Amino acid sequence: MAGVDSSPQDLTGMTHGELEQFMLGLGKERYRSIQVMKWIHQGLADSFQGMTNLSKEFRRQLAEKSFIGIPALERVERSHDGTRKFLFRLGDGNLIESVLIPEGHHDTLCVSTQVGCAMGCRICRTGKIGFVRNLTAGEIVSQLLAARRLMPESRITNIVFMGMGEPLANFDETVRAIRVLTHPNGPGISWRRLTVSTSGLVPQIAALGREVKVKLAVSLNAVTDEQRNAIMPINRRYPLSILLDALKRYPLPRGTRITIEYVLVRDLNDSDADARLLVKLLNPIRAKVNLIPLNSEGLDGLESPLPDRVRRFQEVLIARSLMAIVRESRGRDILAACGQLAAARDPAA
Ligand code: SAH
Ligand code: SF4
């Protein structure tokens, strides 16, 4: 860990506590961690040279023992709706994507937590490429720092862990990244504006609630085990009743709700009866529903719902007092929308 390993350490992913230990290991004062953290996350420094409130000797020492990890920009695509998709190259050549979504006064950044994904959901293009590796906390946090550098006029206040990968399958690095992002000396993201989305890893949902205060989104996508088994293999391990029970027990921060993501697939989970059953299942849970019409590009045998069905499904929920919005897929024309992030190694993928 910090200070023990002699290879240069990536400071971008270090929590405040880890950075303190790192400074002590260098024989420096504890408060140096505050200065360096602010330079990296607030000053967006990409090297130690400009850290003018540190002595030259200290800067030289830092450059020898550590680095500030930043992904290289491989490509940026802009959608007609203003959404931007960044393709980043990591140190080992792997490619990941982050999506910047403008939303009125503020912007949301959707970050990746893994290269690929092992969960194999049938609805999802990321699932199709399989699992390559976990991202480090530094690689998760640096997506925000890189986006802010590339788009100085953006106002990224919200982060969603909804890009490539299953965040809770990369639990430790996800939690470290959350601690950095929400630390007062860090990039200044409020926990109220940070959402982790999971396909439903039940033990890790409970563990997340114990470790950090953060908002939770769950890709439910179905109202029966039969439906869910057909599109999400994880359901065989943690069936609906067990998942819903975990949601009931999640220590929801006051005034917040769990976001239930529900990808509508034509003739699979989009009937009025499905909508009514969804209301019933969510009755004991403080939830709101995001309805996402399936992006069917590149998927075999699954189709997008008809627009009338989507409206009707939403009406059934709202008529029964369940908050429900239809999340139009942003950046669809550049495949930046949900379930469309599929870069791994080949930029042409
Ligand atoms: N692995 C996490 C986070 C990334 S997936 C999770 O599954 O929650 C982000 C969201 O995209 C999920 O809600 C998923 O259900 C949705 N999604 C996946 N494929 C999609 C597709 N083809 N069309 C629309 N939404 C999709
Ligand atoms: Fe992985 Fe989420 Fe896609 Fe499922 S929907 S394959 S969990 S990224």
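This is a predicted model: local features need pLDDT of at least 70, side-chain atom pairs count only at pLDDT 80 or more; totals for chains, interfaces and linings use all residues.
Close-up 1. The buried set is F171, E173, T174, V175, R176, A177, I178, V180 and L181.

**Close-up 2. Strand β9 and its pairing partners.** Strand β9 covers residues 156-161 and is mostly covered, with five of its six residues buried. Strand β6 (residues 106-110) pairs with β9 in the parallel sense, over four bridges. In this pairing, T108 stands opposite N158 of β9. Strand β10 also pairs with β9 in the parallel sense, here over three bridges. L194 in β10 is the bridge partner of I159. In a regular strand, side chains alternate between the two faces of the sheet.

**Close-up 3. The shell around ligand 1.** How many residues surround ligand 1? The shell holds 20 residues, and the closest are I123, G165, S197, S219 and N295. By class, eight are nonpolar, ten polar and two charged. An N or O atom in the side chain of S219 is 2.6 Å from an oxygen atom of ligand 1. N221 places a polar side-chain atom 3.1 Å from an oxygen atom of ligand 1. At N295 the contact uses the backbone: one of its polar backbone atoms is 2.9 Å from a nitrogen atom of ligand 1. On its own, ligand 1 has 530 Å² of accessible area, and the protein covers 95% of that. The elements that give two or more residues to this shell are β10 (194-198) and β12 (258-264).

**Close-up 4. The shell around ligand 2.** Which residues are around ligand 2? They are C117, M119, G120, C121, C124, G127, G165, E166 and S199. Four residues of this shell are nonpolar, four are polar and one is charged. G165 belongs to the ligand 2 shell and is also among the residues closest to ligand 1.

Close-up 5. N269 sits in the loop between β12 and α11 (272-282). Is N269 buried or exposed? The relative accessibility of N269 is 0%, so this residue counts as buried. Its side chain reaches the backbone oxygen of V263 at 2.8 Å. Beyond residues up to four places away in sequence, N269 touches N221, Q227, Y262, V263, L264, D274 and F313. One of these, N221, also has a polar side-chain atom 3.1 Å from an oxygen atom of ligand 1.

**Close-up 6. D274 in helix α11.** D274 lies in helix α11. With 11% relative accessibility, D274 counts as buried, because the cut-off is under 20%. The side chain of D274 reaches the backbone nitrogen of D270 at 3.2 Å. Leaving out residues up to four places away in sequence, D274 touches V223, Q227, Y262, L268, N269 and F313. D274 and G116 are 158 residues apart in sequence, and their C-alpha atoms are 31 Å apart in space.

**Close-up 7. I34 in helix α2.** I34 is part of helix α2 (residues 32-41). Its relative accessibility is 31%, so I34 counts as partly exposed. Apart from neighbours within four places in sequence, I34 is in contact with H16 and N185. I34 and P184 are 150 residues apart in sequence but 9.5 Å apart in space, C-alpha to C-alpha.

Close-up 8. L44 is not a glycine, yet has a positive phi of about 55°. L44 is placed in the loop between α2 and α3 (56-65). At 22% relative accessibility, L44 counts as partly exposed. D267 is not a glycine either, and has a positive phi of about 60°. The place of D267 is the loop between β12 and α11. D267 is exposed, with a relative accessible area of 72%.

Methods:
Residues are numbered from 1 along each chain as its sequence is written. Chains are lettered from A and ligands numbered from 1 in the order in which they are written. Side-chain values use heavy atoms; hydrogens and water are left out. A residue is near a molecule or strand if one of its heavy atoms lies within 4 Å of it. A polar contact is a pair of N or O atoms within 3.5 Å; within protein, one must be able to donate a hydrogen and the other to accept it, and residues adjacent in sequence count only if both atoms are side-chain atoms. Accessible areas come from the Shrake-Rupley method with a 1.4 Å probe; for residues, only the protein chains shown count as cover. Ala, Val, Leu, Ile, Met, Phe, Trp, Tyr, Cys and Pro count as nonpolar, Asp, Glu, Lys and Arg as charged, and the others, Gly among them, as polar. Buried means under 20% relative accessible area, exposed over 50%, partly exposed in between (1.4 Å probe, protein chains only). Contact means heavy atoms within 4.5 Å. Two strands pair if DSSP finds at least two bridges between them.
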